[in-house]
Each structure stands twice: as structure tokens, then as C-alpha cells.
Amino acid sequence: MREFGARSARAPIEMRVDLKADNESFAATSKNLSVGGLFVATDRQLRVGEQVAVELSLPGHVLPIAVGAEVRWIQMSDGRPFGLGLRFVRPSFGLTVAIHGLLR
């Protein structure tokens, strides 16, 4: 269930995102990014509530940034790419600052 309240500003940023769930790693592509999370296009099916490790290769950054995330929702089709809505879990201050910079 989605919490009520204002939705964070989002930027339509496409970049490679590496995910790890249940000791399996796979690559996905971000479609949008916010301070609170991101949407990734992927054909991997995960469950709502599942915890994943995310590695982001942010534009303008040399090294990827790692963060934990939780699957909040799943997009099945509707002519749009299959994907996952991910909420960051305890993002670092550095990641938060970097995303704010991209959203400006």
C-alpha cells in the first residue's frame, strides 16, 4: 500500500543499475530517480517487500554508490517496460546529496 503524502521530485535518468537479490546479481536500467528511490526496467521478477542491494553508477561520478532498497511495487505491462519500484533503505548522506545535485 502506498503511503499518502507528497511524492519526491523525480528525474528521468537512464543509467545502468546493478542489483543483487537472493545471492543473484543482475543488471537493470533506471527510468527515473528520486531521493527516496528509483524505478528500474528489468525482466526479473521479485516480490513486493523483497530486499535488494543496489549499485548506482550516477552520471558525473567515477565510482558506483551502493545502497540497500526494498521492492515497493511491480509494473507488469501496459505497453510499458516491466520493472520495479524501489525505495532506498537508509541511503548515505553522500547518495542523498548526489541525487539532489542531479535533480537541480
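Strands in this briefing are DSSP runs of type E with at least two residues, numbered from the N terminus. Gly85 has its place in one of them, strand S6. The model is predicted.

**Strand pairing**

- Strand S4, residues 51-56, and strand S5, residues 65-75, are paired in the antiparallel sense, with 6 bridges between them.
- Strand S5 also pairs with strand S6, residues 83-89, again in the antiparallel sense, and here there are 7 bridges.
- Gly68 takes part in both pairings: Gly68 is the bridge partner of Ala53, and Gly68 stands opposite Val89 in S6.
- As a general point on such elements, the side chains of a regular strand alternate between the two faces of the sheet.

**Glu70 in strand S5**

- Glu70 is a residue of strand S5.
- The relative accessibility of Glu70 is 15%, and Glu70 therefore counts as buried, the cut-off being under 20%.
- The side chain of Glu70 makes a polar contact of 2.6 Å with the side chain of Arg87.
- Beyond its neighbours within four places in sequence, Glu70 is in contact with Gly49, Glu50, Gln51, Gly85, Leu86, Arg87 and Val89.

- Gly85 is buried because its relative accessible area is 3%, where buried means under 20%.
- Between Gly85 and Glu70 there are 15 residues of separation in sequence, and their C-alpha atoms are 8.4 Å apart in space.
- When residues up to four places away in sequence are not counted, Gly85 touches Leu38, Phe39, Glu70, Val71, Arg72 and Trp73.

**Salt bridges**

- Glu14 and Lys31 form a salt bridge in which the closest N and O atoms are 3.2 Å apart. Glu14 lies in the segment before strand S1 (16-21) and Lys31 lies in strand S2 (residues 24-33), so this pair ties together parts that are 17 residues apart in sequence.
- Glu14 has 56% relative accessibility and so counts as exposed, the cut-off being over 50%.
- Asp18 and Arg16 meet through their side chains in a salt bridge of 2.7 Å, N to O. Asp18 counts as partly exposed, at 21% relative accessibility.
- Arg47 and Glu50 likewise meet through their side chains in a salt bridge, at 3.6 Å from N to O. Arg47 counts as exposed at 55% relative accessibility, whereas Glu50 counts as buried at 8%.
- Glu50 is also one of the residues in contact with Glu70.

**Helix H1**

- Helix H1 comprises residues 93-103, and its buried residues are Leu95, Thr96, Ala98 and Ile99. These residues cover an arc of only 165° around the axis, which puts them on the same side of H1.
- In general, an α-helix has 3.6 residues a turn, so residues three or four places apart point the same way.
- The buried residues of H1 pack against strands S2, S4, S5 and S6.

Technical notes. Residues numbered from 1 in each chain as written. Predicted model: local features only at pLDDT ≥ 70, side-chain atom pairs only at ≥ 80, totals over all residues. Heavy atoms only, no water. Pairing = 2+ DSSP bridges. Helix = DSSP H or I, 4+ residues; strand = E, 2+ residues; numbered from the N terminus. Buried < 20%, exposed > 50% of the residue type's maximum accessible area, 1.4 Å probe, protein only. Polar contact = N/O pair within 3.5 Å; in protein donor to acceptor, adjacent residues only side chain to side chain. Contact = heavy atoms within 4.5 Å. Salt bridge = Lys/Arg side-chain N within 4 Å of Asp/Glu carboxyl O. Arc of directions from axis to C-beta.
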